[in-house]
Amino acid sequence: MQQAFKAHVPNRASGLRRAGCKRPTLFTCRAAPAVASSVSADAAASWATSKGAKLERASLSTDLLTDRPLLIASADAQQGDLLLSVPDSAWLSAETVKKTTVGKLAAAAGLEPWVQIALQLLADRFGSSSNKSELSPYAASIPENLDTPLLWSDDELRELQGTQVLQTLGGYLTFFQATFQQLQSGLFAANPAAFPPSTFTLPNFLWAVAAVRSRSHAPLDGAKIALVPLTELVSHRRSANSKLAVRSAGLFGRGQVLVLEATRPIRKGEPLSVDYSPGKLDGTVLLDYGVVDATSPQPGYSLTLTMPNSDRFIDDKLDILESNGLRQSMTYNLTPDEQPTTEMLAFLRLMELKGMDAFLLESIFRNDVWDFMQEPISETNEEALCTTLSEGARAVLAGYSTSIDEDLAALRAGTHPKGSRREAALLVRLGEKEALDAVARFFEDRRDTQLKRLVYYQERRLRRLGLVDDEGRTTYDSFFKDGIA
């Protein structure tokens, strides 16, 4: 059943939420450099250091493969060594933008922090001198054509055809367009001098949103969201050599400073790196940050399972889920190399629980039923969940414009330049399909070859009562054989 495979819309910053998953409206982006130049990076570094930022054991350099500016270790470092520090006076946060005209009006309107930051960033990047703030040098260092799919061209987005990333992107664009329309009819219309229509356009707003999303990192995200100069020059790597942390600073520790710390020994000249989204799949990282670590990919597909309201036993099932800390909708990451988790299988068994198996929903079993779901319930139940997942995965696979073999051939042939958007799209597309194919094969094999060999609830119950031995034979056969009964 394909409805089991619904796009999971991830949320990093508070308020950057989904508004459905429609096909995205495609925007033609500016023809501008895709990455910051070394000149703009130098300017941003100079401005940040003037605000108190310190390159402790870091220096600016350029990636030889992509020509992107980045930070490298300026000296050998050991685990725990400080590599970079940026005080809150140099952050672009809701607190700092409140000092500007745009920021004051945005805060007074009760807008969420990420919107306040995006509007000030827009004003500093595209507005006239009267709209700009002292933060404008940082805004000027951010390239107009960011690598996040929010700003990809139509041709580039076609590389994501059929993917969960493109479906999720549609939800994002729908939400951001609706947000912009609300701002237009409200805040912008009430304050035309501060928000001139020629500057505060939808393309500029989408750029600002993309900049906020791609430059905000934990722990400065969510309600504490802030953009910190120089951190965008730290590369994304799954096997990262450093991490970001916030420390108290200043008189009586009232201020804050974001620091980059080494998590292992680092050699001089080695690029500094952090994992932008630990535990998240490559598709999510690409959507949020516009990057993929091709050297250590984390491919996969996010599967959202929802207990349907039409289920005859929905109230009982929701009560069981809630009692065990689960929700009506749960999202599980499918990967090519890992089998479905025990929890996911238990959720599926509960979803498919019906007919003669529904007696387990009786109140007498209420405290134990979730434990029962951890193992097969009946052959009918197990077959149903196998069919649901295998058919759903195959249906989604049919929606891609290329096959796994075609993608593998393109990857081997190097048809897309290293570090390019098309290569990132290919890696994510291939990773989704390999995960879907793996889960389809898992459940097809389980249904076709294992159902007769599994031990189901009734047999487990009889074994606990001592009425069935380990080979599945009843222990009371001897009663009849010996003439006892």
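The crossing of helices α10 and α11 is right-handed, meaning that the near helix is turned clockwise from the far one by less than a right angle. Helices here are DSSP runs (H or I, at least four residues), strands likewise (E, at least two), numbered from the N terminus. This is a predicted model: local features need pLDDT of at least 70, side-chain atom pairs count only at pLDDT 80 or more, and totals for chains, interfaces and linings use all residues. Residues are numbered from 1 along each chain, and side-chain values use heavy atoms, without hydrogens and water.

The axes of α10 (residues 314-323) and α11 (residues 342-351) come within 11 Å and cross at roughly 160°. That makes the two roughly antiparallel (angles over 145 degrees, on a scale from 0 to 180 degrees between N-to-C directions of lines fitted to C-alpha atoms over the stretch in contact). Lys317, Ile320 and Leu321 in α10 meet Phe347, Leu350 and Met351 in α11 (heavy atoms within 4.5 Å). These contact residues divide into 5 nonpolar, no polar and 1 charged.

The largest pocket has a volume of about 900 Å³. A pocket is an open set of points on a 1 Å grid where a 1.4 Å probe fits, with protein on both sides within 12 Å along at least five of seven lines; lining residues have an atom within 4 Å of a point. Its lining has 43 residues, and Thr66, Arg68, Asp147, Gly290 and Val291 lie nearest the centre. Helix α15 gives the most, with 4 residues.

| Class | Residues in the lining of the largest pocket |
|---|---|
| Nonpolar | 22 residues |
| Polar | 11 residues |

Asp, Glu, Lys and Arg count as charged; Ala, Val, Leu, Ile, Met, Phe, Trp, Tyr, Cys and Pro as nonpolar; the others, Gly among them, as polar.

Definitions and conventions. Points joined across faces, edges and corners; volume = space filled by probe spheres on them. Parallel < 35°, antiparallel > 145°, perpendicular 65-115°, else oblique.
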